[in-house]
Amino acid sequence: MISTQHHLFPKAAQTIMEEELLEEAAGLQDSTESSPTSDSGPRTFKILQKWVPRASYYFDKEHYCYAGHQITIQESIESLGAVVWPGALALCQYLESNQHEINLRDKKVLEIGAGTGLVSIVASILGAFVTATDLPEVLANLEYNISRNTQDANVPKPEVKKLIWGENLNEDFPKSTHRYDFVIATDVVYHHTALEPLLATMGYLCQPGTILLWANKFRFSTDYDFLDRFSNIFNITHLAEFPESNVKLFKGTLREN
């Protein structure tokens with residue numbers, strides 16, 4: 001999810017937050033079935049309305065339902081990393097609906113930029129052993145959401161761990177002991193200055209056999225530039241489109257050198 005550690009270009013943070021929170025409030029993400037496409041192209045979806053209407057004394061808590069579990073997420077509009085963004089909703093929906101295609105049970109999963117923890121929680125509910133990573137200033141809220149939603153759910157509790165893109169990877173995530181079946185990321189690409197460290201981190205964490213799942217709302221031309229660089233490092237498959245939210249979902253495996 002979007003994180004605040006990386007410097008945004010002028011006014012981009014305000015623009016992202018204002019426009020997308022207005023979209024969510026307007027209810028643009030109603031439920032619908034997926035639309036068929038050609039065998040060679042991505043399937044097309046509309047993000048399902050997984051928000052659960054519920055009276056709450058806390059304006060900063062949202063309630064969702066995935067895989068038969070109600071999930072309560074504490075958010076904060078003061079941090080981009082503490083808001084549930086469209087890419088997270090898209091990936092949660094896809095993982096829930098396509099378990100025959102992407103089976104997370106008993107798999108080791110690492111999430112880059114976990115933010116509020118929603119995707120890590122859903123992956124855990126689906127049976128994965130998850131490591132949820134983000135910046136130090138995001139970890140307290142991330143740990144709170146994960147603990148709240150997994151402690152009584154009879155699912156593996158995700159590990160919460162600091163990860164600053166491009167920094168101390170060999171020390172904190174040595175390849176000999178940190179091998180993942182899946183690396184997942186949502187809305188980590190936007191108008192910030194840390195795209196190269198992000199791409200390097202993705203490449204580092206993915207070893208032969210690792211599948212990377214990346215869902216992102218495409219907002220800026222730089223997002224497509226990143227996709228071009230991403231495709232130079234990964235063999236990619238465009239799994240799904242969520243056109244009304246401008247979200248694309250990709251699956252990638254590391255190219256052989």
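Residues are numbered from 1 along the chain as its sequence is written, and side-chain values use heavy atoms, with hydrogens and water left out. Because the model is predicted, local features need pLDDT of at least 70 and side-chain atom pairs count only at pLDDT 80 or more, while totals for chains, interfaces and linings use all residues.

Of the 257 residues, 53% are buried, meaning under 20% relative accessible area with a 1.4 Å probe, protein chains only. The chain exposes about 11800 Å², and carbon and sulfur atoms supply 50% of that area (Shrake-Rupley method, 1.4 Å probe). Taking contacts (heavy atoms within 4.5 Å) between residues at least 6 apart in sequence, 67% join residues at least 24 apart.

Now for the helix pairs. Two packed helices are described by the angle between their axes and the distance between the axes. Here axes are lines fitted to C-alpha atoms over the stretch in contact, and angles run from 0 to 180 degrees between N-to-C directions. Helices α2 (residues 86-97) and α3 (residues 118-125) have axes that come within 9 Å and cross at roughly 10°. They are therefore roughly parallel to each other, the term for angles under 35 degrees. On the α2 side, Ala-88, Leu-89, Leu-91 and Cys-92 meet Leu-118, Val-119 and Val-122 of α3. These contact residues divide into seven nonpolar, no polar and no charged (nonpolar: Ala, Val, Leu, Ile, Met, Phe, Trp, Tyr, Cys and Pro; charged: Asp, Glu, Lys and Arg; polar: the others, Gly among them).

The axes of α6 (residues 195-205) and α7 (residues 221-233) come within 11 Å and cross at roughly 30°, which makes this pair roughly parallel too. From α6, Leu-195, Glu-196, Leu-198, Leu-199 and Met-202 take part, and from α7, Thr-222, Phe-226, Arg-229, Phe-230 and Ile-233. This contact has seven nonpolar residues, one polar and two charged. Eight of the 11 residues of α6 are buried, so this helix is largely enclosed by the rest of the structure; among them are Thr-201, Gly-203 and Tyr-204.

Finally, Tyr-64 sits in strand β2 (residues 61-66) and is buried, with a relative accessible area of 3%. Its C-alpha atom is 9.7 Å from that of Leu-89, 25 residues apart along the chain.

Note on methods
Helix = DSSP H or I, 4+ residues; strand = E, 2+ residues; numbered from the N terminus. Parallel < 35°, antiparallel > 145°, perpendicular 65-115°, else oblique. Buried < 20%, exposed > 50% of the residue type's maximum accessible area, 1.4 Å probe, protein only.
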